[in-house]
Amino acid sequence: MRRLFPVTDQTSAAGDREDREWSLDELAEAYAYPGGEAVWLRANMVSSLDGAAQHDGRSQAISSDADMRIFGTLRGLADAVVVGAQTVRTEGYRPARAREAFAARRAAAGQGPAPAIAVVSASLDLDFSLPLFTGPLVPTLVLTGAAAPPERVAAAQRAGAEVVVAGDGPGVDPRQAVRELAGRGLVRLLTEGGPRLLGQFAAAGVLDELCLTVSPAMTAGEAQRIAWGPALADPSRFALASVLEDAGFLFTRYRRAPGPSA
Ligand SMILES: NC(=O)c1ccc[n+]([C@@H]2O[C@H](COP(=O)([O-])OP(=O)(O)OC[C@H]3O[C@@H](n4cnc5c(N)ncnc54)[C@H](OP(=O)(O)O)[C@@H]3O)[C@@H](O)[C@H]2O)c1
């Protein structure tokens, strides 16, 4: 893994140019959330060179070991991982693990042992007998709308999940979702998609940062892009914060550029 950007005094030194595996501690430093109490929503997504966010319905084929290390690091830094129900269903989500490598950092930041998983769903058509709901270290949250099916709400609660209403109709309002999480002290937010959920966060103007892995692969086909849904009236602009490279994978990090809506 090498740092390509930002270019610093250190860039030409062996430490930054050398192609070596970074420790989880180094990755955690590189991806630290901005300090403070303010809510910060970061997304982590992987895309092929031609813009595919999945292959054969999953993202594994376009990912890599280094990508998974960064995926794990971003989880290790987050208070909550916000994810769309379809990603939970297709990727077989499990509870987040408590990892020794992040334990001291989490304790110092006043965080629990692992991030809470927050599943966004209108239908609540989820298998509540799965460990994601019955056996997490910290209760899984289910974000839904006020019109969610009451029997499914009850099933989620019976399984041990905390149901959070974040919308007046069947669906979740992305801004309200962020507010509800922040109100519970969950301010270091990470969304892992999928594309339909990320499209809504982007459209609502609440996405602060995008960690985008560019995978050196072409897939063609009809895969979704990393964000899907109604187009924004104006593209929202982001500024490049950093680029790491490993085996041809680019690990880019963009922050929302200051603007009228920021
Ligand atoms: N490349 C990557 O980094 C990456 C990351 C994640 C996922 N993926 C891939 O993306 C695919 C899944 O993504 P997706 O875009 O189809 O689905 P998704 O965004 O993961 O989930 C969509 C579902 O989330 C719920 N949802 C979304 N917005 C909602 C709202 N405002 N209110 C209430 N519920 C809402 C709905 O669940 P209900 O149907 O339960 O109501 C909806 O069907 C998979 O193939 C996965 O492998 C790729």
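This is a predicted model: local features need pLDDT of at least 70, side-chain atom pairs count only at pLDDT 80 or more; totals for chains, interfaces and linings use all residues.
Me: What is the strand order in the open sheet?
Reply: The open sheet has 10 strands, in the order β1-β9-β10-β8-β2-β7-β3-β4-β5-β6, and the pairing is mixed.

Me: And which strands stand at the edges?
Reply: Those are β1 (2–5) and β6 (162–165), and because each has a single partner strand, one side of each is left without a neighbour in the sheet. Neighbouring strands of this sheet are turned against each other by 25 degrees on average, with direction ignored.

Me: In what sense do β9 and β10 pair?
Reply: Strand β9 (residues 238–246) and strand β10 (residues 249–256) run antiparallel and are joined over eight bridges; within this pairing, Glu-245 has Leu-250 of β10 as its bridge partner.

Me: Switching to the ligand, which residues come nearest?
Reply: Of the 30 residues around the ligand, the nearest are Gly-84, Gln-86, Gly-171, Gly-193 and Gly-194.

Me: Which element supplies the largest share of that shell?
Reply: That is α4, with five residues; β2 (40–48), α4 (85–91) and α9 (195–203) each supply at least two residues of the shell.

Me: How do the shell residues divide into nonpolar, polar and charged?
Reply: The shell around the ligand holds 11 nonpolar, 14 polar and five charged residues.

Me: What domain does UniProt place at residues 40–228?
Reply: The UniProt record, an unreviewed entry, gives "Bacterial bifunctional deaminase-reductase C-terminal" for that stretch. Over residues 40–228 the chain is 33% helix and 20% strand, while the end C-alpha atoms lie 21 Å apart.

Notes:
Residues are numbered from 1 along each chain as its sequence is written. Two strands pair if DSSP finds at least two bridges between them. Helices (H or I, at least four residues) and strands (E, at least two) are DSSP runs, numbered from the N terminus. Axes are lines fitted to C-alpha atoms, for helices over the stretch in contact, and angles run from 0 to 180 degrees between N-to-C directions. A residue is near a molecule or strand if its C-beta atom, placed from the backbone, lies within 6 Å of it. Ala, Val, Leu, Ile, Met, Phe, Trp, Tyr, Cys and Pro count as nonpolar, Asp, Glu, Lys and Arg as charged, and the others, Gly among them, as polar. UniProt positions are given in the numbering used here, feature names are shortened, and annotations may be inferred rather than shown by experiment.
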